[in-house]
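Visitor: I'm new to this structure and would like to learn how to read it. Could you walk me through it, one feature at a time?

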Amino acid sequence: MVRIVETSVRDGHQSLFATRMNTEEVLSICKELDNAGYYAIEVWGGATFDSCMRFLNEDPWERLRQVRAVCKKTKLQMLFRGQNILGYRHYSDDVVDMFCKKSIENGIDIIRVFDALNDVRNLKAAVTSTKKYGGECQIALSYTTSPVHTIDYYVNLAKEIETMGADSICIKDMAGVLTPEDATKLIGALKKGVKIPIELHSHCTGGICEMTYMAAIKAGVDIIDTSLSPLSNGTAQPSTQAMNTALKGTEYDPKLNVDALHKAEPIMSNIVAKYLKNGLLNPKSFQVNPNILTYQVPGGMLSNLLKQLTDQGAADKFDEVLKEVPNVRKEMGYPPLVTPLSQMVGTQAVLNIISGERYKMVAKEIKDYLHGKYGKAPAPVDEAIKKKIIGDDEVITCRPADLLEPEFEKLKEKYKDIARSDEDVLSLALFEQVATEFLQKKYNPQSANEVEEFEMYI
Ligand code: CO
């Protein structure tokens, strides 16, 4: 039997319409999803946390508690980025610990963590803390192709992860580039190499995802990620109903409750119709994009590159930049193109082309990366280019978070005038500016209104 994790209320709307589904909409479908018989429902983390506060004026912690109150039977799952949690810098271990503790206390059962570089040292604190508070910890390996990302590379990482105490492993194919043939080999090798369950997470962007899922299932994958049909395909996951039907009556039958899915479908269709109408959901997002298979670049990165170039009046350089991406990636030691490395490599490719000289301009993040501040690159970086950018500077070789002092108590003190709970402190630590504005409005609606009126007056 293959189990299913439902992704529509996290990855589904994150992939298709910029994570804008609000709490009321999420709650409207939770009861039916809870009755469907999933292994878990992914409801939190990723971009939902930031989006709640930044765009929806909602408290992400409150969303989690409300979803938990409705979903009484099914495990709730979240995603975060190792030592970065949901932010863009490395946090100290005590902040990671508090984040795991509060996530579990507020209703999360399964914490899925990943590191862009697959540097397992950046995942250790998350595994330890999740287990400490009784959660289930899954480590997701960022999937990419390169001369170093071989089957052996993934099997060795999987063995290390099993030894670290993770409960399961996910192959996270964020770009949707895993082919059926490679899935057969990879999943087969992983099943031989480790005992813990293997899950597959991919995207339909390139049009091959369902075939890859079938190949993975036949090779023994334990869990697959799918999204309720109105929010499936395109840049999201394959349809839950389609996969459930395709496997019906076989030895892999996920045995979902079809009545519950029937009831959930029109609710989700109405939500999707709203976002199609208001333009946040572009129908193009449902189209197959074979470019991602050619360039091995995630769909979101393609659109970001085009936007960066258009903003600079250099849209005609798009093809040149696309060809530069693999060069930069190789010189940086083949990092998988996932946040934050996708943005860093993409921006560097743009700078290399529009400045007319490679590495004449270099973003601070690339310098930090070369100093070892993000962890270990999958393959050695190009020495000549490293020297050009950071000279003979010292490079960190230890786990980057080992250099960080405990900081939770300091953050609590820093935000004592705004925060009313440890959850608030965490929101502020992750998204300082956005959370400050949000919490000020939440706790002082009066003053927020006055400011608005004042602004309207001038
Ligand atoms: Co995804």
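Predicted model: local features only at pLDDT ≥ 70, side-chain atom pairs only at ≥ 80, totals over all residues.

**Reading the model together**

Visitor: Fine. Which residues coordinate the cobalt ion?
Guide: A general idea first: ideal angles at a metal are 109.5 degrees for four tetrahedral donors, and 90 or 180 degrees for six octahedral ones. In this model the cobalt ion is coordinated by Asp-11 through OD, and by His-201 and His-203 through NE2, at 2.1 Å. Water is not among the atoms, so the site may look incomplete.

Visitor: How are the donor residues of the cobalt ion spaced in sequence?
Guide: The pattern reads D-x189-H-x1-H.

Visitor: And is His-201 buried or exposed?
Guide: His-201 is buried, because its relative accessibility is 0% and the cut-off for buried is under 20%. His-203, with a relative accessible area of 7%, is buried as well.

Visitor: Let's move to salt bridges. How many does the count come to?
Guide: The idea is that side chains of opposite charge can pair when their charged atoms come close. Here the count comes to 33 salt bridges. Take Glu-42 and Arg-10, whose closest N and O atoms are 3.1 Å apart. This pair links distant parts of the chain: Glu-42 sits in strand S2 (residues 40-45) and Arg-10 in helix H1 (residues 8-17), 32 residues apart.

Visitor: Why do Glu-42 and Arg-10 count as buried?
Guide: Glu-42 has a relative accessible area of 0% and Arg-10 has 3% relative accessibility. Both count as buried because the cut-off is under 20%.

Visitor: Which part of the chain holds the partner of Lys-442?
Guide: Lys-442 forms a salt bridge with Asp-59, at 2.7 Å from N to O. Lys-442 is in helix H20 (residues 432-443), while Asp-59 is in the loop between helix H3 (48-55) and helix H4 (60-70), 383 residues apart. Lys-442 is partly exposed at 36% relative accessibility, whereas Asp-59 is buried at 9%.

Visitor: Where do Lys-102 and Glu-105 lie?
Guide: Both are in helix H5 (residues 93-105), three residues apart, which is about one turn of the helix. Lys-102 is buried, with a relative accessible area of 10%, and Glu-105 is partly exposed at 49%. Salt bridges that share partners join Lys-101, Lys-102, Glu-105 and Glu-423 into one network.

Visitor: You mentioned S2. Why is S2 described as largely enclosed by the rest of the structure?
Guide: Six of the six residues of S2 are buried, so the strand is largely enclosed. As for its partners, strand S1 (residues 3-6) pairs with S2 in the parallel sense over two bridges, and there Glu-6 stands opposite Ile-41. S2 also pairs with strand S3 (residues 75-80) in the parallel sense, over five bridges. In that pairing, Trp-44 stands opposite Met-78.

Visitor: How should I think about side chains along a strand?
Guide: In a regular strand the side chains alternate between the two faces of the sheet.

Visitor: What lines the second largest cavity?
Guide: Tyr-143, Met-174, Gln-296 and Leu-337 are among its lining residues. This cavity holds about 40 Å³ of space, and its lining has six nonpolar, two polar and no charged residues.

Visitor: Last one: which residues lie nearest the centre of the second largest pocket?
Guide: Of the 17 residues that line it, Gly-372, Gly-375, Lys-376, Ala-377 and Val-395 lie nearest its centre. Helix H16 (364-370) and helix H17 (383-390) each supply at least two residues of that lining. The second largest pocket holds about 300 Å³ of space, and by class its lining has ten nonpolar, three polar and four charged residues.

Conventions. Residues numbered from 1 in each chain as written. Heavy atoms only, no water. Donors = N, O, S within 2.8 Å, 3.2 Å for Na, K, Ca; no water. Buried < 20%, exposed > 50% of the residue type's maximum accessible area, 1.4 Å probe, protein only. 1 Å grid on protein atoms, 1.4 Å probe; cavity = no way out; pocket = protein on both sides within 12 Å on 5 of 7 lines; lining within 4 Å. Points joined across faces, edges and corners; volume = space filled by probe spheres on them. Nonpolar A, V, L, I, M, F, W, Y, C, P; charged D, E, K, R; others polar. Salt bridge = Lys/Arg side-chain N within 4 Å of Asp/Glu carboxyl O. Helix = DSSP H or I, 4+ residues; strand = E, 2+ residues; numbered from the N terminus. Pairing = 2+ DSSP bridges.
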